[in-house]
Amino acid sequence: MPEAKTTTREPGAEGPLSGVRVVELAGIGPGPFAAMLLADLGADVVRVDRPGGPGLGIDPARDVTNRNKRSVVVDLKAPDGPARVLDLAERADVLIEGYRPGVAERLGVGPGDCHARNPRLVYGRMTGWGQEGPLARRAGHDIGYIALTGTLGMIGAPGEPPAVPANLLGDYAGGSLYLVVGILAALHHARANGTGQVVDAAIVDGTAHLSAMIHGMLAAGSWQDRRGANLLDGGCPFYGTYETADGRHMAVGALEPRFYAEFMRLLGLTDLAPARDDMTRWPELRAAVAARFKTRTRDAWTAVFTDSDACTAPVLSLREAPHHPHLAARSTFTDHDGLTQPAPAPRFSATPTAVRTGPALPGDGAESVTRDWDLPREPGPSPASLPNPAVHNPQ
């Protein structure tokens, strides 16, 4: 299959957020991802790392969520630490932090401190539970946040424990993307009115918001409040996954009648097509579809459904995905300095984006940031490794 293409930086192509300055107080999970998205869009993102790093156990040179950024190291517990962050905030348009509620204030870099220096600043707060509520100060992770929203309970087969969707649903969809939407909206407001504000992005809020359509279906009586019993959760035999002869899988999404007809024709089960409209026959239909998929390998079935509107696709692994002909043709993945990674998204006709630099190593942008942001010259940070000032509510 074709190799993933390398995206090169076009002269003058700065992205739609060119000129926007962002300060990211280092954390893990959705905060760094949100800052990466802003950086991908052209913002000048300066990550404030703590001495010793975040302790994730990942090689910083391979942490793609730190691409397109620069890094400075600041010890927020040192006497001059908060002042150095406030110097950055004074010159920034946006600040992102992911501490537990109250921690940034105790460190001297909370919204009040930052807005005293820069009233136009958009102060983005990324947490799991939000800034208030009974659980606001409790530690947590993606899986717990999505558990309470009802979304985790929707995922998986009936009679089995809920399936864990990595940390994509909570951290990144319900967290990072909502933080970025909030930041961009608040940035628009700040530019129009001259005043910044605080964006409280809680993963529980964003994840709950993602289930809006499902709640509407539930209220209308067209969604059952249990797993594997609905049109879009695997309960439907023509919307789900099936194992193939080689132990791999195909994904089927043939919902509309004409797509379903094409799917059944290519599968060779046209005689069973009427079972679509009779839910009492769905178990029979599922068993027949499963048995047919088991007769060939995944790649053989992929060839059968290629160039059709049967809405059926192979389930690829992370390493396979960049080499799929469609994704390779679109350069959906890119290779930068030998590191294969998703390319920036979405795409822009006038202000194209790209991976400009690899992951920022802690402190490697100190000189350039001081020069470009016209910062006061400060002595270097202490080499001592200090613990994270916010015991993990990682968001």
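Tutor: Residues that line a space are sorted into classes, with Ala, Val, Leu, Ile, Met, Phe, Trp, Tyr, Cys and Pro counted as nonpolar, Asp, Glu, Lys and Arg as charged, and the others, Gly among them, as polar. This is a predicted model, in which local features need pLDDT of at least 70 and side-chain atom pairs count only at pLDDT 80 or more, while totals for chains, interfaces and linings use all residues. Residues are numbered from 1 along each chain as its sequence is written, and side-chain values use heavy atoms, with hydrogens and water left out.

Student: Which domains does the domain assignment of the chain give?

Tutor: Domain bounds come from an automatic or database assignment. Here domain 1 is made of 21-212 together with 340-373, and domain 2 covers 239-323. Taken over C-alpha atoms, the centres of domain 1 and domain 2 are separated by 39 Å.

Student: How much space lies in the largest pocket?

Tutor: A pocket is an open set of points on a 1 Å grid over the protein atoms alone, where a 1.4 Å probe fits and protein lies on both sides within 12 Å along at least five of seven lines; its lining residues have an atom within 4 Å of a point. Points are joined across faces, edges and corners, and the volume is the space filled by probe spheres set on them. In this model the largest pocket holds about 1,100 Å³, and among its 32 lining residues F33, L168, L318, F333 and P342 lie nearest the centre.

Student: Why does the largest pocket lie between domain 1 and domain 2?

Tutor: Both domain 1 and domain 2 give residues to the lining of the largest pocket, so this pocket lies between them. Helices (H or I, at least four residues) and strands (E, at least two) are DSSP runs, numbered from the N terminus. By that scheme, α1 (30-40), α6 (168-193) and β11 (339-342) each supply at least two residues of the lining of the largest pocket. Sorted by class, this lining has 19 nonpolar, seven polar and six charged residues.

Student: What volume does the second largest pocket have?

Tutor: The second largest pocket has a volume of about 360 Å³, and of the 16 residues that line this pocket, T302, T306, P314, H324 and P325 are the closest to its centre.

Student: Which element gives the largest share of the lining of the second largest pocket?

Tutor: The largest share, four residues, comes from α11, although α11 (298-305), β9 (312-314) and α12 (325-330) each supply at least two residues of this lining. The lining of the second largest pocket divides into six nonpolar, six polar and four charged residues.
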